[in-house]
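Subject: Structure handover

Hello,

Here is the structure we talked about. Please open it alongside this note; what turned up follows below.

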Amino acid sequence: TPNRPWWETGVVYQIYPRSFQDSGDDGIGDLAGIERRLNYVFDLGVDAIWLSPIFPSPMADFGYDVADYCGIDPMFGDIVAFDRLVAAAHARGLKIILDFVPNHSSDQHPWFVESRSSRDNPRRDWYIWADAGPDGGPPNNWISDFAGSSWEWDARTEQFYLHAFLKEQPDLNWRNPALKAAMFDAMRFWFDRGVDGFRIDVLWHIVKAKGFPDNPVNPGWTPEMNARDQVFQKYSTDQPEAHQIAAEMRALADSYGARVLIGEIFLPNERHAKWFGTPDRPEVHLPFNFQLIENEWNAERIGQLIIDYEASLPADGWPNWVVGSHDAPRIAARIGEAQARVAAMLLLTLRGTPTLYQGDELGIGKVDIPPDRVRDPQELRQPGLGLGRDRSRTPMPWNGSCHAGFSSVEPWLPLNSDWKERNVAAEADKARSMLTLYRRLLSVRRSTPALNEGTFTLIRADNDVLMFERKLGRVRRTIALNFSNEPRRIDSARGKVILSTLEGVGASGELRGNEGVIVG
Ligand code: TEU
C-alpha cells in the first residue's frame with residue numbers, strides 16, 4: 001500500500017550509546033563512534049535508530065536521569081557531533097529517534113536544584129512535594145520501581161519529594177503549566193534539529209492521582225519478589241490526564257510532519273491500547289508492546305498472546321513487537337541460542353513494527369558480570385534477585401582485536417565472554433551465524449510486504465509448534481516455528497522453503513528441532 005509511514009513499514013534498531021562504539025578512548029561509547037558504525041547498521045537492513053539517552057546526566061541511571069533536556073553529555077560528544085550523526089544517518093535514509101524522559105529529571109537538573117532550595121521558589125511546584133504523613137513518615141505507601149519508598153525527605157525544606165525510580169530521579173510535576181511548557185520546548189528543540197521521533201520513557205507514569213491516595217497492597221507479594229510489587233501502581237500511574245498530555249505531544253509531533261512517538265507503556269492489553277488514542281484525538285503511534293519479553297517462551301502461550309494483542313488493537317492501531325532491550329535479559333540468555341533464532345524469525349514475520357536491540361543480532365547470550373563490576377543501580381539496590389541489567393548492556397563486540405574493537409581501553413562493562421568468536425567480523429561471513437540469519441530475515445521482510453502489513457491468521461499453536469499465515473493480495477507466506485528441540489510434523493505447510501533458521505533442508509512435512517521456516 002503506498003504512502004504508509006516509515007514507522008509502519010520499517011524496522012527500528014535500538015542503540016545503547018554507552019556500549020556501541022567508543023571513539024574517545026575512555027571505554028564508553030559515543031556519538032562519533034555510532035557515526036563510524038552507521039554502515040553496519042545500514043547494511044543490517046534496518047530503517048531507524050533509537051538512541052537511549054544522550055543528554056547531560058550524572059548517570060545515576062545511565063542517562064535516564066537528565067540534567068539538561070537540550071544538550072549532549074560531553075561523554076557522548078557535543079551538539080556538533082549530534083548534528084553530524086543525524087546528517088550521516090539521513091544521508092543513508094536512516095531515521096533517528098531520541099529517548100525523551102519526561103517523568104523525572106536528575107536531582108542535579110538546575111530546575112530541581114531550584115525547586116529544593118526553598119518552599120517558595122518559583123520552581124518548587126515543578127516537582128512533586130508533599131508533607132509527611134501523620135506518623136512523620138512518607139505521605140503514602142508508594143514504592144519506587146527500584147525498591148524502597150517513592151518519597152525522599154528533604155531536611156532543609158521539611159517536605160518529601162516523589163521519585164518513582166531512584167532518589168536521584170525526582171518526578172516532574174506535569175500538572176504545572178510552566179513545567180509542561182518547558183518540556184514541550186525541549187521536544188521542539190530536537191524536532192527543529194531534524195530528529196524523526198521520540199521513544200518516551202515510562203509515559204504511563206507522568207501524572208499521579210490528586211491527593212496521592214495509598215496504592216492497593218498486593219496480597220501475593222513475598223520478600224523474594226521485586227520490592228516494587230508490594231503494591232499495585234493504581235494511583236501512581238495511568239491517570240486520565242496523562243492521556244491528554246500524550247495527545248498534545250502527538251499534536252506537536254504531527255505539526256512537524258512524519259515524526260513518530262513510541263510510548264514506553266507496561267499495562268494489560270485493554271489499557272495499553274488506550275494509548276493509541278482515538279482517530280480524532282490520537283496519542284502515540286506505537287505503544288511499546290513488551291509481551292514477547294514478559295511471557296513464557298511457549299508456542300501455545302505466544303500464539304494466544306498474539307491473538308489477544310491483535311484483538312485489542314483499535315481499528316487504526318498499528319502493532320509493534322520487541323524481544324530485547326537494555327532493561328530485559330538477553331533473548332539468547334533466556335531461551336538459548338537455538339530458540340533465539342526462532343525468536344528472530346517470529347519477531348521479523350509478525351504484523352507490525354519490530355524493534356531490534358543491539359547485540360541480539362549477534363546472539364549474545366549469558367554474560368557473567370563479576371560482583372566488583374556491577375553498575376546497574378537496580379541490581380545494586382536489590383542484589384541477588386536477578387534484576388541486573390548490566391548483562392544486556394555489555395559493549396558491542398566488533399572484531400577479535402583488543403577489547404573487541406569497541407575501545408582502545410578497558411570498557412565500562414566487561415565484554416561477552418565468547419567475544420573472540422561472537423563478534424561482528426567473525427559472524428559476518430558465516431552462513432550459520434545469528435548475524436547472517438538476521439540479515440536474511442531483514443532482507444526477506446523488506447522484499448515481502450505481506451510480512452509487514454499482510455493479514456495475520458493463526459493456523460496452530462500446539463505441540464510446540466506455532467504456525468501462522470501472512471497474506472497480502474495474492475502473496476501468502478506461512479511461518480512455522482518449532483519451539484522444541486525435537487522434530488515436529490507440519491502437514492499443512494505448502495510451498496517451498498524461502499528461509500529456514502537452520503542450514504540445509506529437513507524432511508518434507510516436518511520441522512527439525514529448533515527450526516523455523518518461512519514457506520511460500
Ligand atoms: O524503564 C521503565 C521500567 O518500567 C523499568 O522499571 C523496567 O521495568 C526495569 O528496568 C526492568 O528491569 C525505563 C528505562 O527503560 C529504564 O532503563 C530506566 O531505568 C527507567 O525507565 C527509569 O527511567
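This is a predicted model: local features need pLDDT of at least 70, side-chain atom pairs count only at pLDDT 80 or more; totals for chains, interfaces and linings use all residues.

Ligand site. The ligand is surrounded by 14 residues. The closest are Asp61, Tyr64, Asp145, Phe165 and Asp327.

Domains. The protein chain splits into two parts. Domain 1 covers 6-103 + 176-206 + 246-442, and domain 2 covers 455-519. Their centres, taken over C-alpha atoms, are 29 Å apart. Domain 1 puts 23 residues into the contact, and domain 2 puts in 19 residues. On the side of domain 1 that touches domain 2, the elements giving two or more residues are α10 (299-312), α12 and α15. Of these, α10 gives the most, with eight residues. By class, that side of domain 1 has 12 nonpolar, five polar and six charged residues.

Helix pair. Two of those elements also pack on each other. Helix α12 (residues 337-347) and helix α15 (residues 434-447) meet at an angle of about 15°, and their axes are 10 Å apart. Angles under 35 degrees count as roughly parallel, so α12 runs roughly parallel to α15. The crossing of α12 past α15 is right-handed. From α12, the residues in contact are Arg341, Ala344 and Met345. They meet Met434, Leu437, Tyr438 and Leu441 in α15. The contact of α12 with α15 has six nonpolar, no polar and one charged residues.

Best wishes

Conventions: Residues are numbered from 1 along each chain as its sequence is written. Axes are lines fitted to C-alpha atoms, for helices over the stretch in contact, and angles run from 0 to 180 degrees between N-to-C directions. Helices (H or I, at least four residues) and strands (E, at least two) are DSSP runs, numbered from the N terminus. Angles under 35 degrees count as roughly parallel, over 145 as roughly antiparallel, 65 to 115 as roughly perpendicular and the rest as oblique. A crossing is left-handed if the near helix is turned anticlockwise from the far one by less than a right angle, and right-handed if clockwise. Two residues are in contact if their C-beta atoms, placed from the backbone, lie within 7 Å. Ala, Val, Leu, Ile, Met, Phe, Trp, Tyr, Cys and Pro count as nonpolar, Asp, Glu, Lys and Arg as charged, and the others, Gly among them, as polar. Domain bounds come from an automatic or database domain assignment. A residue is near a molecule or strand if its C-beta atom, placed from the backbone, lies within 6 Å of it.
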